[in-house]
Amino acid sequence: MPSKAKTGKKLVIVESPAKSKTIAKYLGEGFIVEASIGHIRDLPQPSELPAELKKTPVGKFAVDIENDFKPYYVISADKKKKVTELKAALKEADELYLATDGDREGEAIAWHLLEVLKPKVPVYRMTFGEITKEAIQRAMGNLRDVDTALVDAQETRRVLDRLYGYEISPVLWRKVARGLSAGRVQSVVTRMVVDRERERMAFTSASYWDLTGQFGAGSGSFKAKLASVDGAKVASGRDFNDEGELTARNAAHLNEELATSLATALESVDFTVRSVDTKPYTRRPAAPFTTSTMQQEAGRKLRFSSKSTMQVAQRLYENGYITYMRTDSSALSDEAVTAARRQASELYGPEYIPEKPRVYSGKAANAQEAHEAIRPAGDSFRTPAQVAKQLSGDEFRLYELIWKRTVASQMGDAKGSTATIRLGAIATDGRDAEFSASGTVITFPGFLAAYEEGKDESRGDDDADDSRRLPNVAKGDALTAEDIIAVGHDTSPPPRFTEASLTAELEKKGIGRPSTYASTISTIQDRGYVRKQGSALVPSWIAFSVVRLLEQHFTDYVDYEFTADMEGDLDKIANGQAAKASWLKHFYFGEDSDPGLLSIVNNLGEIDAREINSIPITEGITLRVGKFGPYLESSIPSIDPKTGEIVESARANVPEDLAPDELTPAKAIELMETAAPEERVLGEDPHTGHTVLAKNGRYGAYVTEVIPEPTAEQLANAPVEYYKNGKPKPPKKPVKAKPRTGSLFASMTVDGVTLEEALQLMSLPRALGEDAEGTLITVQNGRFGPYLKKGTDSRSIGTEEEIFTITLEQALEIYSQPKQRGARAAVPPLAEFGPDPVSEKNIVVKEGRFGAYITDGVTNITIPRSTSLEELTREQAVELLAEKRAKGPVKRTTTRKAPAKKKVAAKK
């Protein structure tokens with residue numbers, strides 16, 4: 001067979017179209033750049049496996065657990081066309097360059113491409129940390145083979161997550177609720193959020209008091225705070241533990257009476273300066289961004305979610321503005337150090353850069369293979385002003401943050417001095433009171449001229465030195481005192497995690513990968529385990545049940561150290577120091593006294609679902625996590641104030657927006673006392689004899705009827721069906737009749753609705769009559785209010801009460817008018833973002849049936865659960881609409897039933 005003629009073409013494959021467009025600009029003649037658009041194949045769902053594999057060792061996980069945990073990969077349905085295109089492009093090429101990202105995921109994508117495309121031409125692996133001409137040229141000079149150790153590490157992680165999720169999630173379905181999921185990292189992250197809420201729930205606040213005063217000297221005045229009384233340090237917030245107990249020895253714990261009396265006793269006394277202490281102040285710049293620190297700082301300074309930060313960073317990288325955004329390293333290349341120092345010198349002056357370049361080499365506990373820190377791309381940096389017109393709002397803000405951090409990292413220390421003044425007096429009641437004031441004066445800003453790192457919320461007193469200049473005083477100087485007041489404080493519980501502080505804690509503990517933090521935090525919100533309250537992450541009650549079950553029965557798998565150790569093991573596989581198959585075998589099957597996951601799942605024993613889903617709140621009141629959400633249940637018998645009957649067990653719904661730590665014993669008692677009756681008997685329907693009830697349900701109050709079970713006599717008299725051979729068939733289970741129901745009007749309550757009103761509600765829809773064409777017109781109540789219905793034409797009417805009073809003539813009059821969408825109540829949009837760059841129509845956020853959504857009047861997209869309305873920016877809204885537009889309309893599949901095959905008569 002003759003060899004293929006040389007074409008001179010070279011095929012380069014990257015992951016994304018944006019990346020392919022950017023890299024194509026820097027490659028020479030003959031290069032064709034294509035995008036795989038992420039992974040081209042993955043593990044299928046077990047239900048999608050071929051029938052012959054479903055009963056084999058592959059069938060449970062799409063992984064052959066008896067053959068070194070070999071995965072069974074399939075090309076994703078939406079990637080088959082792309083694979084065909086790549087194969088066609090490869091036929092025209094003489095060389096193949098796999099230029100996917102240089103991390104484990106990118107290495108795995110390259111390997112899958114190699115496995116599927118089966119190239120017969122030379123193959124080169126090309127990686128680069130930034131998409132610039134210089135970086136591409138350097139990458140072409142450092143080509144290599146696919147790193148199989150990195151591929152093994154990624155594959156191990158993929159199989160590990162499949163084993164973990166598929167074995168543990170079904171336990172949650174059986175014991176907590178259907179549809180829940182467990183994940184190797186997501187479950188541990190959920191536990192961290194739950195643990196913090198537990199700390200807040202167990203927290204006991206302590207009260208303490210101190211004094212503040214304004215003191216004057218000849219050169220000015222300043223504010224000072226009481227530091228000690230009779231030589232004993234005044235207790236502050238950090239001197240108390242979470243039980244509200246004072247832990248500091250010999251501390252003076254002032255209450256309101258002591259503090260107020262001391263303030264009064266100091267009103268007319270003379271104060272003098274007792275000491276002045278001045279120390280040099282030096283502050284060093286923070287290291288350039290890693291993935292984790294970028295997410296943290298973007299959360300603090302820009303109010304970006306972790307997910308939004310990574311989406312914006314991805315666009316900046318793919319378009320050649322920053323280096324690769326998934327990295328654990330804070331190191332800068334020599335070219336970057338030179339660029340940062342040069343730019344700092346040009347913008348701020350040569351005195352702002354130190355004599356020697358700063359070297360950052362520290363890495364996180366769970367650092368992966370090294371990349372460079374996140375920085376502006378290129379061997380010389382573009383200033384924010386130079387790229388402002390090329391970037392969207394969010395892109396510009398993140399680029400500016402990265403640029404400032406990088407340049408500041410190579411600038412000089414901030415220098416100054418910190419002065420502490422101690423002043424005191426003897427009160428008229430004989431107590432010796434000493435106050436303290438501190439101030440830091442920056443004499444040389446250094447890196448602060450470019451950038452200052454943000455901080456997360458912390459507990460206790462904020463004793464950080466104020467950037468203020470104190471007056472020039474000396475020991476023994478007399479001072480005048482004004483406005484000495486007593487101030488009361490309460491200790492605060494541990495602050496809830498924000499996305500930024502949770503990311504920092506995950507990195508500190510070595511849990512998961514910084515590159516996956518954004519998706520993990522987004523996942524626990526999408527699963528309903530965590531919600532945002534402002535920027536704080538609040539766990540749901542169902543998260544408490546899930547974590548409790550995992551802690552009791554899968555202890556290791558939500559243990560922080562165990563999870564961090566697994567990351568270390570994956571690192572060993574990536575470095576070639578451990579074997580994939582033996583590690584997975586030990587994890588799943590275990591060895592000797594160390595049971596594996598399979599053994600633990602098979603020997604769970606009896607799990608008390610009621611106990612797992614119950615949380616005692618106070619004596620006699622327990623929170624239950626039920627099928628339809630959380631509710632309170634009281635085991636203390638009470639007397640119904642209306643009927644005088646003894647109620648053995650009462651229930652109350654828990655408001656969805658009530659955070660777990662806000663459900664205090666007092667609040668639980670209040671909810672129980674104010675709860676509407678869960679169920680009330682209204683009487684019997686005179687026509688059917690069925691009992692009619694009013695009930696409180698998950699979606700509001702409603703009325704319904706109780707249909708009695710068939711009696712033994714009725715079952716015995718049911719018609720008997722027979723087989724063709726004449727034998728009677730087993731009696732069928734009687735079909736249960738569906739009871740009539742009706743939602744209560746907004747003006748009605750469970751304890752106030754009457755039997756007559758209930759019967760009317762259950763009779764809906766109400767038929768009004770027919771129009772001239774013979775089409776029936778009905779009136780009914782719906783989720784969005786009362787409405788008329790004629791065939792498929794619905795029209796809203798005014799109030800719920802009109803349902804029982806509107807006439808056919810009035811309905812016909814309404815239908816004679818043109819249909820006006822939204823005429824019933826012009827609800828203003830929740831937010832407006834101006835014209836869309838594509839449709840040029842105004843972008844607004846509206847409240848819809850399934851939650852808030854973004855629309856330009858043509859394209860609609862629901863706001864992701866991980867993004868709150870308060871966080872949503874114009875750039876995000878435009879991006880979400882663009883993504884929805886790119887996907888096109890949802891394809892609705894219809895199934896046609898094949899005609900039955902005619903039976904062919906047997907040959908005789």
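In this predicted model, four strands make up an open sheet with parallel pairing, and their order across the sheet is S2-S1-S7-S8. The two edges belong to strand S2 (31–35) and strand S8 (123–125), each of which pairs on one side only. Going from one strand to the next, the twist averages 20 degrees. At the S8 end, strand S7 (residues 95–98) runs parallel to S8 and is joined to S8 by three bridges. Within that pairing, Leu 96 sits opposite Val 123 of S8.

A helix also packs on this sheet: helix H1 (residues 17–24) touches strand S1 (10–14) and S2, and the direction of H1 makes about 165 degrees with that of S2. The loop between S1 and H1 is where Ser 16 is found. With a relative accessibility of 12%, Ser 16 counts as buried, because the cut-off for that label is under 20%. Once neighbours within four places in sequence are set aside, Ser 16 is in contact with Ala 35 and Glu 318.

Stepping back to the whole chain, the protein has 24 helices and 37 strands. Its C-alpha atoms fill a box of roughly 115 × 100 × 75 Å along the principal axes. There are 908 residues, and 45% of them count as buried. Taking contacts between residues at least 6 apart in sequence, 68% link residues at least 24 apart.

Another stretch worth a look is the loop between strand S11 (232–233) and helix H7 (256–265), which holds Thr 247. Thr 247 lies 12 residues from Ala 235 in sequence, and the C-alpha atoms of the two are 9.5 Å apart in space. Apart from neighbours within four places in sequence, Thr 247 is in contact with Asp 239, Phe 240 and Asn 241.

Next comes a pair of helices. Helix H5 (residues 148–175) packs with helix H15 (residues 541–553) at an angle of about 125 degrees, and the two axes are 11 Å apart. The crossing of H5 past H15 is right-handed. On the H5 side, the residues that meet the partner helix are Ile 168, Val 171, Leu 172 and Lys 175; on the H15 side, they are Val 546, Leu 549 and Leu 550.

Strand S20 (residues 614–618) runs antiparallel to S21, and four bridges join them. Pro 616 stands opposite Thr 622 in S21. Two residues lie between the strands of this S20 and S21 hairpin, where Gly 620 takes a positive phi near 85 degrees. S21 then pairs with strand S22 (residues 629–634), again in the antiparallel sense, over six bridges. Here Ile 621 is opposite Ser 634 in S22. The hairpin of S21 and S22 has two residues between its strands. As for strand S21 (residues 621–626) itself, five of its six residues are buried, leaving the strand mostly covered.

A second open sheet of four strands has antiparallel pairing and the order S26-S27-S28-S29. At its edges stand strand S26 (679–684) and strand S29 (741–743); each has a single partner strand, so one side of each has no neighbour in the sheet. The twist from one strand to the next averages 20 degrees. Strand S28 (residues 700–706) pairs with S29 over three bridges in the antiparallel sense. One of the residues involved is Tyr 702, whose bridge partner in S29 is Ser 743.

Finally, helix H23 (residues 808–816) has Leu 808, Ala 811 and Tyr 815 as its buried residues. Viewed down the axis of H23, these residues fall within an arc of 60 degrees, so they line one face of the helix. The buried residues of H23 pack against strand S30 (766–770), strand S31 (776–782), strand S32 (785–790) and strand S33 (793–796).

Note on methods: Residues numbered from 1 in each chain as written. Predicted model: local features only at pLDDT ≥ 70, side-chain atom pairs only at ≥ 80, totals over all residues. Heavy atoms only, no water. Pairing = 2+ DSSP bridges. Axes fitted to C-alpha atoms, helices over the stretch in contact; angles between N-to-C directions. Contact = heavy atoms within 4.5 Å. Buried < 20%, exposed > 50% of the residue type's maximum accessible area, 1.4 Å probe, protein only. Arc of directions from axis to C-beta. Left-handed = near helix turned anticlockwise from the far one by under 90°.
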